[in-house]
Amino acid sequence: MSQTQAHHHAPPKGFLRTHVFSLDHKVIGKQYLDLALVAVCTGMVLSWLMRLHLAWPETPIPGLEKLSPNGAAGGVITPEYYLSLMTMHGTIMVFFVLTTAPFAGFGNYFLPIQVGAEDMAFPRINMTSFWVTLVAFLVLVAAFFVGDGPPLSGWTAYAPLSAVGKDAGPGQGVGQTLWAVSITLFCVAQLLGALNFITTTLDLRTKGMSLARMPYSTWAWFITSVIGLIAFAVLMPACILLILDRVAGTSFFIPAGLVISDRLQPHAGGSPLLWQHLFWFFGHPEVYIAILPGFGIISHILPVFARKPLLGPRVMIACLVAIAFLSYTVWGHHMFLSGMNPFSATLFSVPTLVITIPATIVTLLWIGTIYGAKLRFTTPALFCLGFVSVFVSGGISGFFLAQPSIDTYLHGTYFVVGHFHFVMGVAAMFGIFAATYFWAPKMFGRMMSETLGKWHFWLTFIGVYCVFMPMHYLGLAGNVRRYSAFTDDYLKPMIPLHRFITIAALFTGAAQLIFLFNLIRSRFRGPKAPDNPWEATSLEWSTTSPPPFDNFGGRPPIVERGPNEYGGARGADYLMQAAAAAPASAR
Amino acid sequence: MEGSPYGIPSRKLGMWLFITADAATFGAILFAYGYLRLANPDWTHPFAFSPTIVNGIVMTVVLLTSSLTMVAAVATAQLGRTSAGVRWLGVTMLLGIVFAALHLREWFAMIGAGWRLFQNPMGGSPLFGATFFGITGLHLLHVVCGVIVIGVITLGFRRGRFDAGHVETTALYWHFVDLVWMFVFPLVYLMNVR
């Protein structure tokens, strides 16, 4: 067997092979991004429904009764249906947006180009990975239309609620089974993807592309793949055990003597805590699967607009590796309230605080990179700065939550909701926006509008702070999460603040229409993009916009330097990684 | 395109990564087993030396031998002795089938005695059946898939469609399945001897 499979597959013929069942990593990457776009719109609408209900619990929402006659009779959401909406919002956002867009989407498109390869190492596995992800998404969304609707056990699917079947409430019958099947499929797809990313990074780098010369985004995708390879391999069997509990009568996660809906459950011997351990062993690394590609994207984009090399490139990569390693040692901090031994809680608290060290160093490296720089305030640069801002805002509350004594009070409140939406949700979304504005010229060959982009940034930036900052205050005031309404209890004085958050959420959501309009309009009406509109150095800017089928037109680039040559390091404003491209002095 | 800087072909690296993920999967299942075993004071110890452990020892010997014949298959394939390689692959497949047959015979005997995924005829924790069939079932699935893959590779190798590299990559998987059994046998069988 030869040392390397050079896959010179010819460009496909026909619409189906070119645009639908394509083996080309660029098409598959765009398919992942399209899927994420559909998923993020779905997830956002679900969050609006929840917010509307929280702010005006008795006002009917027009049309909702059609979607769920039982869950929203007369258009008013029941407490159970509220939980269903929350479950679907969390599952769709975490799995099908935050994992698929920054990792599978942009990773698929740009990892092979950034290492100078023609395609992924296993194009067929790559295609399978996308289609399995799509099926997983359809299976999940099907839960809206079957039986009693979607499950209500949250994106974490805590047992025994998730394990006992339809006695546990509406949606816990077919809906919860569909959830478990969907996530099992998703795990398979992401395992195939991770295997492909790692092999491509290690085996298909072009001449001169040593590990130290890889762009930071490539490093982040590579490290994320390594995390995913282990994390999804643990969630998959956990979901299969959950399915067995639900359909085959086993009791892995169901203890003895459980009476639900006046019926003694025919199970004994299982442990709900076992599910929490298996889930969070996946779940915490998953947080980093969502955010590390953002780290890489920001580290890749910031120097381009700062016109300065990234500060401490090796430290950056060391920090990413350290975060990846530590991400496996902290899962118990999600379980401080599970009744675990306080001694174990301390054991999980220490690495949780330790992991903030590399995360802080990374942030300081970004800030150090822009220190003294003449920043070019383009839209992608603004989203990078926004990323740093929301990551710090959300990260600082992480210091509080890492301590079991404080977390015991805050864990069940909106403080945690505000924390993880900032640090994992909004930060990752800002990474996705930065990547979209930065790479759209390369992917579609046309520039997006800067004016609209800046409007989009400022409205979104102000909007997310209005949505999530007050949640910290709500949490400190004792506002519990996962409740569908606060009409007649001690939380009634909080309702005006909830109304403010709801209005801000609708406003921020509406601002995303600017982004959608810009994205669609630029594909047809945008000015033609040059090969290297941002004067960046990495290999994707050495090829045409958009790149040809084999990425480099049959001439694989030869890499002569790292991606960090900005700011007159060797007499020029910047130096491309591949010498074959136009010299920097042509500027 | 340049040769791989690590000198490891993509397909082989892919197999190693699959094995890494699969090891995590088995690790998770065995962790769950240990967790549930400790959590249930009424854990059952049903296995007698004869027939279960004797049968298990025979199965272990058969599977270990199949790894040995796999080594021979890879060695002969790499030397270019195609027909010898095909013969050794055939012996490996045969041993895999014997292992699966012994395993299934044991399963059917236990099912006949009333063991189910959710039922323990000896009155102890019902999780014994769930973990036993779950873990050995996952391993058996790997053995059956392995036999099928070796079959496909053998046919292709004889016709020249596959080379010694394919045989070696398949062998990696087969040795891993063997290695997993070396964890399953003591943890699931020997620790549950009456």
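## Chain B at a glance

Among contacts in chain B between residues at least 6 apart in sequence, 76% link residues at least 24 apart. That comes from a predicted model, so keep it in mind for everything below.

Along the principal axes, the C-alpha atoms of chain B fill a box of roughly 60 × 35 × 20 Å. Of the 194 residues in chain B, 37% are buried. There's also a cis peptide bond to look at: Ser50(B) and Pro51(B) are joined by one, with omega at about 10 degrees. Pro51(B) belongs to helix 2 (residues 49–78) of chain B.

## Helix 4 against helix 5 in chain B

How do the axes of helix 4 and helix 5 of chain B cross? Helix 4 (residues 127–158) and helix 5 (residues 164–189) of chain B have axes that come within 10 Å and cross at roughly 160 degrees. An angle over 145 degrees counts as roughly antiparallel, and that is therefore the label for helix 4 and helix 5 of chain B. Their crossing is left-handed.

On the helix 4 side of chain B, the residues in this contact include Phe132(B), His139(B), His142(B), Gly146(B), Ile150(B) and Phe157(B). Helix 5 of chain B answers with residues including His166(B), Tyr173(B), Trp174(B), Trp181(B) and Val188(B). By class, the residues of this contact split into 15 nonpolar, six polar and no charged.

## Where the chains meet

Chain A puts 37 residues into the contact between the chains, and chain B puts in 34 residues. On the chain A side, the elements giving two or more residues are helix 6 (174–203), helix 7 (216–247) and helix 8 (272–306). Helix 7 of chain A gives the most, with nine residues. Sorted by class, the side of chain A that touches chain B has 23 nonpolar, eleven polar and three charged residues.

For a specific pair, take helix 6 of chain A and helix 1 (residues 10–39) of chain B: they pack at an angle of about 140 degrees, with axes 9 Å apart. These two helices are therefore oblique to each other, and the crossing is right-handed. Helix 6 of chain A brings Leu191(A), Leu195(A), Ile198(A), Thr199(A), Leu202(A) and Asp203(A), while helix 1 of chain B brings Ser10(B), Leu13(B), Gly14(B), Leu17(B), Phe18(B) and Ala21(B). Those residues divide into eight nonpolar, three polar and one charged.

## Helix 10 of chain A and what follows

Helix 10 of chain A (residues 342–370) has 29 residues, which should span 42 Å at 1.5 Å a residue; its end C-alpha atoms are 42 Å apart, so the two agree. Its buried residues include Ala345(A), Phe348(A), Thr352(A), Pro358(A), Val362(A) and Trp366(A). Helix 8, helix 9 (313–326), helix 11 (379–401) and helix 12 (404–410) of chain A are among what covers the buried residues of helix 10.

After helix 10 of chain A comes Gly372(A), with a positive phi near 75 degrees. Further on, Arg376(A) sits in the loop between helix 10 and helix 11 of chain A. Beyond its neighbours within four places in sequence, Arg376(A) is in contact with Phe305(A) and Ala381(A).

Helix 14 (residues 450–476) of chain A reaches 39 Å from first C-alpha to last, close to the 39 Å expected for its 27 residues. Just after it, Gly478(A) has a positive phi of about 95 degrees. Elsewhere in chain A, a cis peptide bond joins Ala159(A) and Pro160(A), with omega about 0 degrees; Pro160(A) is in the loop between helix 5 (123–142) and helix 6.

Two residues other than glycine take a positive phi here: Asp262(A), near 60 degrees, and Glu535(A), near 55 degrees. Asp262(A) lies in the loop between strand 1 (259–260) and strand 2 (263–264) of chain A, and it counts as exposed because it has 6 C-beta neighbours inside 10 Å. Glu535(A) is in the segment after helix 15 (495–525) of chain A, and its 17 C-beta neighbours inside 10 Å mean that it counts as partly exposed.

How values were computed. Residues numbered from 1 in each chain as written. Chains lettered and ligands numbered in written order. Predicted model: local features only at pLDDT ≥ 70, side-chain atom pairs only at ≥ 80, totals over all residues. Contact = placed C-beta atoms within 7 Å. Helix = DSSP H or I, 4+ residues; strand = E, 2+ residues; numbered from the N terminus. Nonpolar A, V, L, I, M, F, W, Y, C, P; charged D, E, K, R; others polar. Expected span 1.5 Å × (residues − 1). Buried ≥ 20, exposed ≤ 12 C-beta atoms within 10 Å, placed from the backbone. Axes fitted to C-alpha atoms, helices over the stretch in contact; angles between N-to-C directions. Parallel < 35°, antiparallel > 145°, perpendicular 65-115°, else oblique. Left-handed = near helix turned anticlockwise from the far one by under 90°.
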